[in-house]
Amino acid sequence: MPSSPSQPALGGTAEQPPQTAPGAMGTIAVLLIAAFVVILNETILNVALPHLMEDLHVDAATVQWVATAFMLTMAVVIPTTGFLLQKFSTRAVFGLAMGSFALGTLLAALAPSFAILLVARVIQAFGSAIMLPLLMTTILTLIPKQRRGLVMGNVSIVISVAPALGPTISGFILAHFPWRSIFWFVLPIAVLALIIGVTRLGDVGSRGDLRLDVLSVALSVFGFGLLVHGLSTVGAGGTQGGDSDSFMGWATSAGGGAVILTVGVLLVAAFALRQLHLQRKDNPFLDLRTFKHRDFTVSVALMAVAMMTLFGGVIVLPLYLQTIRGLDTLQTGLILLPGGLIMGLLGPVIGRLFDAYGPRPLAVPGAAMLTFVMFNFSRLQADTAVWWIVVLQIAMSVGLAMIFTPAFTAGLNPLPPSLYSHGSATLSTLQQVAGAVGTALLVGILQAGTTVLQNPDGSTTTDAIPGVHAAFLTATGLGAVAFVLTLFMRKSTPENTRVTVEGSEPATH
């Protein structure tokens with residue numbers, strides 16, 4: 001396999017569509033399968049938490065760490081991928097990612113205690129954090145700009161369908177088998193992807209002679225780790241009834257979370273300043289010169305706001321369905337499933353349209369639809385028809401599909417090859433942080449808006465509807481911000497990077 005894409009392919013025109021590098025689609029297919037498995041793993045354990053509590057004899061505050069530790073590890077590792085992808089070969093990085101993920105999956109399936117399960121989740125998360133930046137960097141390297149929209153559309157299948165399938169698959173498994181079966185289900189797929197990858201993948205792109213900056217690693221690990229943990233703790237309102245005298249009790253309290261969040265922000269700022277200093281020596285750990293490209297900056301901002309808005313659908317809506325409507329996790333997963341599947345199926349279609357017409361004609365109506373849906377969610381009542389909720393959730397997924405693929409592609413397209421890995425790592429890092437911000441903001445508003453009513457007989461009734469309304473109104477405002485950002489995107493693809501799609505006329509300015 002060639003080490004870089006064919007240069008003539010990059011100079012193709014609408015009349016003579018460019019060709020991808022030989023073997024590129026096979027390489028990307030392997031990475032797509034691997035990415036699907038690791039992203040599926042992020043949500044597949046969520047509905048198993050009560051089973052873990054019973055079997056491993058832990059309380060609710062403790063069991064949440066299987067999700068928290070996973071998220072923290074992702075936040076810590078993703079910023080390092082820009083360095084890893086430029087320092088080591090594609091095969092080596094893939095082997096590290098999938099090997100770690102498979103090892104963590106095996107360890108989780110055999111875990112005799114909660115502590116071992118927690119270690120296994122950290123090892124899984126290490127591999128998961130590397131996979132998506134590796135996939136995006138490979139696409140940027142092997143696929144010419146004129147065809148990236150379609151391929152990035154396939155990436156959206158992985159990003160949207162895998163999390164949507166996770167709760168449904170785990171709900172089915174848990175209805176018939178023990179919770180360890182979840183990991184036994186994932187393990188053979190992960191091992192197969194690992195074997196295929198290490199035997200078939202060649203080196204993609206060129207490697208630089210980078211030196212590891214220990215201070216950048218330390219600032220990245222503690223900065224992004226504390227930032228995400230602080231946001232998550234503040235958003236959850238802190239643990240209830242925890243041991244405030246212990247460090248863990250303090251760290252998971254609302255006050256401790258606020259302190260940790262502040263320290264995390266300061267360390268991330270120091271990390272950014274360190275990178276600006278290293279850029280003058282042309283040896284940054286995470287190159288921030290990606291933000292000198294206007295399209296990248298606009299797209300990253302749009303992705304971050306859209307991710308925050310998305311959590312109105314994936315966090316607040318399930319809470320509404322389960323706490324107010326009284327639905328179980330499997331029923332909730334089935335209600336959310338159609339939207340995720342449709343979002344994934346639309347990915348290649350949206351990508352093809354992007355290649356023909358550019359980002360703005362897709363992203364503008366997508367953001368408008370997202371805002372409309374969030375406003376309608378803000379009017380949910382305890383007796384709102386389920387069919388209407390499903391319709392709105394599907395419309396939300398369509399709107400997000402029209403935003404994510406154009407934002408991914410339009411943001412990464414203008415970067416030079418030397419910044420591909422850094423752009424992918426930056427985008428993935430900010431997605432992770434935006435997700436934590438969205439969770440903290442919307443869950444915090446949901447809790448603040450929830451009221452406790454005193455009944456005449458002395459009992460109390462919790463009314464979460466005002467909190468749901470407030471959270472979704474906030475998401476509506478975020479959707480409006482996303483709409484404004486889409487107006488700053490290009491109306492169409494540049495003249496030298498457009499192709500004709502299925503007989504359509506080339507897009508015009």
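I start with a term: buried means under 20% relative accessible area, exposed over 50%, and partly exposed in between, with a 1.4 Å probe and protein chains only.

**Ground rules**

This is a predicted model, where local features need pLDDT of at least 70 and side-chain atom pairs count only at pLDDT 80 or more, while totals for chains, interfaces and linings use all residues. Residues are numbered from 1 along each chain as its sequence is written, and side-chain values use heavy atoms, with hydrogens and water left out.

**Entry: V58**

I looked up V58 first. Helices here are DSSP runs of H or I with at least four residues, strands are runs of E with at least two, and both are numbered from the N terminus. V58 sits in the loop between α3 (49–56) and α4 (60–63). Is V58 buried or exposed? I noted a relative accessible area of 17% for V58, so this residue is buried.

Next I asked which residues V58 touches. Contact means heavy atoms within 4.5 Å. Not counting residues up to four places away in sequence, V58 touches L52, M53, V63 and F114. I also checked V58 against S113, which is 55 residues apart from V58 along the chain. Their C-alpha atoms are separated by 9.9 Å.

**Entry: aromatic pairs**

I then turned to rings. Rings of Phe, Tyr and Trp (its six-membered ring) pair if their centres lie within 6.5 Å; planes under 30 degrees apart count as stacked, over 60 as edge-to-face and the rest as tilted. How many aromatic pairs does the structure hold? I found six.

One of them is F224 with F271, an edge-to-face pair at 5.6 Å centre to centre and 80° between the planes. This pair links distant parts of the chain. F224 lies in helix α11 (residues 214–236) and F271 in helix α13 (residues 254–279), 47 residues apart. F224 has a relative accessible area of 7%, so I list F224 as buried. F271 is at 3% and therefore counts as buried too.

F271 also pairs with F285, again edge-to-face, at 6.4 Å centre to centre and 90° between the planes. F285 lies in the loop between α13 and α14 (294–324) and F271 in helix α13, so the pair ties together parts 14 residues apart in sequence. Both F271 and F285 are buried.

**Entry: salt bridges**

Charged pairs came next. A salt bridge is a side-chain nitrogen of Lys or Arg within 4 Å of a carboxyl oxygen of Asp or Glu. I found four in the structure.

D55 bridges to R180, with the closest N and O atoms 4.0 Å apart. This pair links distant parts of the chain: D55 is in helix α3, R180 in helix α10 (residues 180–200), and they are 125 residues apart. D55 is at 39% relative accessibility, so D55 counts as partly exposed. R180 is at 23%, so R180 is partly exposed as well.

D287 bridges to R289, the closest N and O atoms being 2.7 Å apart. At a relative accessible area of 4%, D287 is buried. R289, at 23%, is partly exposed.

R294 bridges to D295, with the closest N and O atoms 3.5 Å apart. R294 is partly exposed at 48%, whereas D295 is buried at 13%. Which residues form a network with them? I noted that R294, D295 and R490 are linked in a network of salt bridges.

**Entry: T409**

I moved on to helix α17 (residues 386–412), which holds T409. T409 has a relative accessible area of 1%, so T409 is buried. A polar atom of the T409 side chain lies 2.8 Å from the backbone oxygen of T405. Not counting residues up to four places away in sequence, T409 touches R148, G149, M152 and F354.

**Entry: F483**

My last stop was F483, found in helix α19 (residues 465–486). F483 is at 30% relative accessibility, so F483 counts as partly exposed.

Terms used. A polar contact is a pair of N or O atoms within 3.5 Å; within protein, one must be able to donate a hydrogen and the other to accept it, and residues adjacent in sequence count only if both atoms are side-chain atoms.
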